[in-house]
Amino acid sequence: MTRALASLASARVMLAGFALLAAGTFAAHDDPAASASLIVAPLCLLAANLGAAIVTNRRLRRGGLGVFHVALLTLMIVAAVGRLCRFEGRVELTQGQSLREAAVEVTTRGPLHPDGLSAVTFVQGPFSVDYAPGVRRAHTYSEVGVVDGDGGLATRTVGDDMPLVLGGYRFYTTHNKGLAPIVTWLPDRGTPQTGSLHMPSYPLFDWKQENRFTPPGGPEVRVFLRVDRPLDELAAWRLDPQTTPTALIVHAEGRRSELVPGGSVRLTAGNLRFERSTGWMGYRIFFDPTLPWLFVLATVAATGLAWHLWRRAVAGPLPARRRRMEEFPA
Amino acid sequence: MRAIIQPPELAWIWCGVALYGLAATFAVLAAARSTLGASTAHAGTGRAVPGLLAAALICIGTGIGWRWQRIGHGPFLNMFEVLASSLWSLGLIYGIAYWRVPAVRRTAAVVLPVLMVMACWLLVSNPADTHLPPTYETPVLWFHVLLGKAFLGCALVALGIAGVILVRARPRPAAWFARMPGDAALDLLAWRFMLGALTCESFMLIAGAVWAQDAWGRYWAWDPLETWAFLTWLALAAAVHVRVSWRIGPRIGALFIVGVFVLAFLTFFGVPFFATAPHKGAV
């Protein structure tokens, strides 16, 4: 047993692990789909090697070196737990709309994810994005309504480096946002339905603000949103969907109609009314309960390394001249 | 004909580059002359090096400060800014090592030509004004950048020492650095700086992860810069372990140091050319 542990703790195994991890990292860089196994397998080998080395080598349990290696091993374990619990996704919310779990597009869900997203909600408020000359995105200010302790809605502003954190889920604004015309379908029979149409990201796709939909019982409708304020690429400006003047161009049943806010068009089986134009914001969602622990462990590990360096290197003697060489054994 | 308007701080930076060139020339001359036994001349040229280096740092620092004041943000974005700030920070770290560690002084003949390569690159890079993305307006960026500079600075000092070990393996250049400590002592000193580099890089990666989490909603995503920074950390950690485990000789150790420095240099200044991810660094 001791012999097997010593073999596992050997420097050769460690170097092999380093080489495999480097190769895996390099390969995963070219093929992200293959990343998990190529990186996780060498990391498991290195964790086993490090654990065995800590058990068999007393030097790795002492002083700064000990702090570094023990914290590094714990970090690897906690990071693995984090991956198992992780959740990543994205969602687009129109102004006035509440977050619903059904609207979230999941990109990563670990097998041990506790599934608390259904209990999380907020209401998207107005947002604005500043642009510097050259259409370079500057600050994003997205107002959201969050239920406070009294059951009311408290307004928070998120954006750039300030995510919204609710129930451990972190919501980040993204470059993906745009304009959303609100339309009402008034059928000849039945109840009116109001909804929003998410146009492609603006101003990234300012040249193709189009979408299509089919109202219940009605014909297929193709819509273009015309922004009646030319994009001045040389000046600083602010994207504020609420105050952006727009007109909705409707193509249906072989006809073209241009609607201003409040205007409507008669179609087979009902009327389509353009209420107003508003905006939608795309959020990235991230959940990893180990995040603070990862930070603490990584900092402790690096501090251990610094402690070791200080004791063994900086506080030790430094060579000055050739004749004093004997003072500095290798 | 359209006039090309150059940023006003360029004169200071070019002046600093010229002084770097002079310092590098004097350092190499001082090393070469020591072979010929021209002790007086050698002393004169050698003594000019720290003064020229200090003057170069003042000029480049003034240029960076002027630009900072003019465009409203630090030198973090395009290759011109990153090269200028690296030239200044690496020169400063090397200058501190030169001042505090006598054994490092003669490595100027190795280190300053390396810095001159960066200075020449700076001369041909585009000094256009840059726009600071909002995700860069965080104090964490400062920790990340400063630790990155400290990492590369420590690796540069180690490179200078490693360069001396490798260069004096040949008979003729051996005389240039004859007055320096023996290979074993230099090897020990170089690896102390490499341990410093490992510590700084570890903290740099942590600060970078904290920044990335709040800026882009993930602390690590294997983007090209993250991948290569991790590979550099891995190479450095592996080199440290190889040295400790197998007690390799100073020359092989020096080769490891050169290899790690080249990897780090490519990560800092090469990866941004092919990175398309948000964390693309200086292009």
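Trainee: How far apart do the C-alpha centres of domain 1 of chain B and domain 2 of chain B lie?

Mentor: This is a predicted model, and the values are computed from it. Begin with the bounds: in chain B, domain 1 covers 8-130 and domain 2 covers 133-283. Their C-alpha centres lie 19 Å apart.

Trainee: How many residues of domain 1 of chain B are in contact with domain 2 of chain B?

Mentor: Two residues count as in contact if their C-beta atoms lie within 7 Å. On that basis, 23 residues of domain 1 of chain B are in contact with 24 residues of domain 2 of chain B.

Trainee: Which elements give two or more residues to the domain 1 side in chain B?

Mentor: In chain B they are helix H1 (10-36), helix H3 (79-100) and helix H4 (108-124). H3(B) gives the most, with eight residues. Sorted by class, this side of domain 1 of chain B has 16 nonpolar, six polar and one charged residues.

Trainee: Now the two chains. How many residues does the contact take from chain A and from chain B?

Mentor: Chain A supplies 38 residues and chain B supplies 39 residues. On the chain A side, the elements giving two or more residues are helix H2 (11-30), strand E4 (136-147), strand E7 (169-187), strand E15 (270-287) and helix H5 (291-314).

Trainee: Which element gives the most to the side of chain A that touches chain B?

Mentor: H2(A) does, with nine residues. By class, the side of chain A that touches chain B divides into 25 nonpolar, six polar and seven charged residues.

Key. Residues are numbered from 1 along each chain as its sequence is written. Chains are lettered from A and ligands numbered from 1 in the order in which they are written. This is a predicted model: local features need pLDDT of at least 70, side-chain atom pairs count only at pLDDT 80 or more; totals for chains, interfaces and linings use all residues. Domain bounds come from an automatic or database domain assignment. Helices (H or I, at least four residues) and strands (E, at least two) are DSSP runs, numbered from the N terminus. Ala, Val, Leu, Ile, Met, Phe, Trp, Tyr, Cys and Pro count as nonpolar, Asp, Glu, Lys and Arg as charged, and the others, Gly among them, as polar.
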